[in-house]
Structures are given as C-alpha cells and as structure tokens.
Amino acid sequence: MNRQGSTEEVLIDDTSGSWAALYDDNGRWIVRQDGPDNLWDSIEERLSQWHAAGAPALDEFTVTITPDRQSLRW
C-alpha cells in the first residue's frame, strides 16, 4: 500500500479485524497496528522464539491448522 510517499506492507486478520502496517524509514522499521489482537506483537514473539531455537531451517517446521487454532513447531 502506498501511503505518504512510502510503501507499507499490510497484514490483515479478516476474522478479528486486526491489522498491522509497517514500512522502512531509512533502515528503521515503523509499525502501526490496531484491532482486538496486536498482530505485529505476535509476529515479534514468534520471531524471538525462532531466533532462540537457533533459527531452524524451513524443512524443520511443522504447521498444524484446525478449525479451532493454528500451531507452528520446529
């Protein structure tokens, strides 16, 4: 999405109505988010867990999706 001369990456959870938008401001990422769930906070938490696990390769991931929830394991 183009906004004020910058290209923003936008994530939307169409179920909850939550969203996050981020853009690069000269090497510094700026994030805005709104809605009942803080999407970007959840992404940062998972990224921290991935780094703590030694940044496993993609072929070490297991994604499980059920009607009630999603889980990601490595």
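Which residue with a positive phi follows H1?

1. Gly54 follows H1, and its phi is positive, near 90°. The model is predicted: local features need pLDDT of at least 70 and side-chain atom pairs pLDDT 80 or more, while totals for chains, interfaces and linings use all residues. Residues are numbered from 1 along each chain as its sequence is written, and side-chain values use heavy atoms, without hydrogens or water.

2. Helix H1 comprises the 14 residues 39-52. Helices (H or I, at least four residues) and strands (E, at least two) are DSSP runs numbered from the N terminus. The expected span, 1.5 Å times one less than the number of residues, is 20 Å for H1, and the end C-alpha atoms are 20 Å apart, which agrees.

3. Tyr23 lies in strand S4 (residues 19-25). Its C-alpha atom is 6.4 Å from that of Glu9, 14 residues away along the chain. Leaving aside residues up to four places away in sequence, Tyr23 has contacts (heavy atoms within 4.5 Å) with Ser6, Thr7, Glu8, Arg28, Trp29 and Ile30.

4. Strands S6 (residues 62-65) and S7 (residues 70-73) run antiparallel and are joined by four bridges; pairing requires at least two DSSP bridges. The two strands form a hairpin with four residues between them, and Thr64 stands opposite Ser71 in S7.

5. Met1 belongs to the segment before strand S1 (2-3). Met1 has a relative accessible area of 52% and is therefore exposed (exposed is over 50%, buried under 20%, partly exposed in between; 1.4 Å probe, protein chains only).
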